[in-house]
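Trainee: Before we go through this model, could you show me how to read its features one at a time, giving the general idea and then the case at hand?
Mentor: Gladly; have a look at it first.

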Amino acid sequence: MKVKTEKLENGKVRLEATLTSKETEAALKEARDAVIKQLDLQVDELHPAGTLAKEQYDIDDFDAVVAVQMAESLLPAAIDQTGIIPAFIPEAQQDQLPKTGHSYSFSFVVTPKPQFELSSYGPVTVEVEPVQITEDQVRQVLIDIALRYCESVDEIPSHSDYSDEWIEEHLPFESDLEDTKDTIREELSLTAKDKQRQAIRKAAAVELAKSFNGDIPTDILEAARSSVLEDIRIGLAQQGIDIRDYFEGQEDAMYAFADQKAYSTLAQGYTLDAVFKHAELILEDEDIDAWCMSVASRQDASIVRKQMESAGQGFLMREGAQRLKAGNWLAAQATVIEKNAAS
């Protein structure tokens with residue numbers, strides 16, 4: 001895919017992406033398969049996708065739906081080629097539907113992410129929960145270990161019945177009960193400290209963003225609000241609730257919340273962008289790995305990175321990594337107060 005750029009007078013950039021006939025064929029097949037999977041169509045020789053889509057979803061033009069899916073999947077990769085970090089993902093403009101055996105072009109206008117300066121870059125003062133490991137937490141881990149290593153429920157002792165003998169029989173890699181508890185405390189402490197660092201980083205960004213007074217363009221705010229509303233819709237749908245029923249008679253409150261959420265999310269992101277620039281930080285490969293690890297959940301971070309790169313979402317990955325590094329820098333400068341700490 002080749003991408004041409006054209007700077008517009010309003011600061012936006014028009015991109016035109018062109019695919020060869022082979023690229024078009026491959027992209028069409030991938031998009032078609034994706035739509036069939038999304039709609040859960042049981043396609044076979046007697047039941048083509050277009051017919052099933054019409055019967056089950058009243059879709060008149062299945063090829064048009066595939067074309068939209070194709071453009072949406074290619075659009076991030078086209079943006080990534082240019083090095084532009086967009087303020088939001090735009091919609092593609094298609095003059096004609098893609099066809100197998102033919103080259104294909106589509107265009108779209110990108111709004112580059114704006115940059116802001118802050119009146120202050122800290123340090124800020126944040127308050128977080130202290131790191132505290134209780135004996136109840138230690139006992140719960142012992143119970144979890146017992147559930148994994150004991151063959152029957154009868155072998156699991158009560159809270160007070162763990163002993164050196166039980167450890168020797170079931171956890172031979174530990175020397176005795178106290179050593180086992182020490183190991184558990186250490187692991188719990190490492191996890192708690194990591195969570196506290198995350199809390200400090202988040203709180204520092206929130207605190208500094210309170211002084212953000214940048215003039216965020218209307219189209220960016222509208223796109224962010226749409227994203228917030230879509231997240232709400234999806235969250236309610238997962239609970240079997242229609243967003244229209246949930247907010248019936250409270251639409252103004254819903255939109256007011258979405259507006260506030262959109263602005264605060266953008267303000268925090270732009271605040272971290274400004275910090276990254278102000279602190280003269282440099283994005284390095286390990287920063288991207290660190291960000292991938294932070295969002296990987298139970299996946300391997302390298303898999304997350306590979307998936308995002310193959311999907312053309314490198315710009316999202318780089319933005320996230322820059323903001324993570326800026327947040328860590330901001331947290332390192334912050335004055336941290338632990339709640340209920342002895343004075």
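Mentor: Let us begin with Ser107, which is buried at a relative accessible area of 15%, where buried means under 20% relative accessible area, exposed over 50% and partly exposed in between, with a 1.4 Å probe and protein chains only. The model is predicted, so that local features need pLDDT of at least 70 and side-chain atom pairs count only at pLDDT 80 or more, while totals for chains, interfaces and linings use all residues. Residues are numbered from 1 along each chain as its sequence is written, and side-chain values use heavy atoms, with hydrogens and water left out.

Trainee: Where is the place of Ser107, and which residues does Ser107 touch, not counting residues up to four places away in sequence?
Mentor: Helices (H or I, at least four residues) and strands (E, at least two) are DSSP runs, numbered from the N terminus, and Ser107 has its place in strand 3. Contact means heavy atoms within 4.5 Å; with residues up to four places away in sequence not counted, Ser107 touches Arg14, Leu15, Glu16, Ala92 and Gln93.

Trainee: How many bridges pair strand 2 and strand 3, and in which sense?
Mentor: Two strands pair if DSSP finds at least two bridges between them. Strand 2 and strand 3 (residues 104-110) are paired in the antiparallel sense over 7 bridges, and Ala17 stands opposite Phe106 of strand 3. Strand 1 (residues 2-7) also pairs with strand 2 in the antiparallel sense, over 6 bridges, with Val13 of strand 2 as the bridge partner of Lys7. The hairpin of strand 1 and strand 2 has 5 residues between the strands, and Gly11 takes a positive phi near 90° there.

Trainee: For a helix, which are the buried residues of helix 10?
Mentor: In helix 10 (residues 285-295), the buried residues are Asp287, Ile288, Trp291 and Cys292. They cover an arc of only 140° around the axis, which puts them on the same side of helix 10; the arc is that of the directions from the helix axis to the C-beta atoms. Helix 11 (301-310) and helix 12 (314-333) are among what covers these buried residues. Ser297, with a positive phi near 55°, follows helix 10.

Trainee: At what angle do helix 6 and helix 9 pack?
Mentor: Axes are lines fitted to C-alpha atoms, for helices over the stretch in contact, and angles run from 0 to 180 degrees between N-to-C directions. Helix 6 and helix 9 pack at an angle of about 95°, and their axes are 9 Å apart. That makes helix 6 roughly perpendicular to helix 9, given that angles under 35 degrees count as roughly parallel, over 145 as roughly antiparallel, 65 to 115 as roughly perpendicular and the rest as oblique. The contact is made by Ala205, Val206, Leu208 and Ala209 of helix 6 together with Ala267, Gln268, Thr271, Leu272 and Val275 of helix 9.

Trainee: How many aromatic pairs does a search of the whole structure find?
Mentor: A pair of aromatic rings is described by the distance of the centres and the angle of the planes. Rings of Phe, Tyr and Trp (its six-membered ring) pair if their centres lie within 6.5 Å, and planes under 30 degrees apart count as stacked, over 60 as edge-to-face and the rest as tilted. The search of the whole structure finds 7 aromatic pairs. Phe116 and Phe212 form one that is edge-to-face, at 5.1 Å centre to centre and with 75° between the planes. Phe116 lies in the loop between strand 3 and strand 4 (125-128), and Phe212 in the loop between helix 6 (177-209) and helix 7 (218-237), so this pair ties together parts that are 96 residues apart in sequence. Phe116 counts as buried at 16% relative accessibility, as does Phe212 at 7%. Phe116, Phe212, Tyr263 and Tyr270 form one aromatic cluster.

Trainee: Where is Asp58 found, and is Asp58 buried or exposed?
Mentor: Asp58 is found in the loop between helix 2 (49-57) and helix 3 (62-82), and is exposed, with a relative accessible area of 54%. Its phi is near 55°, a positive value in a residue other than glycine.
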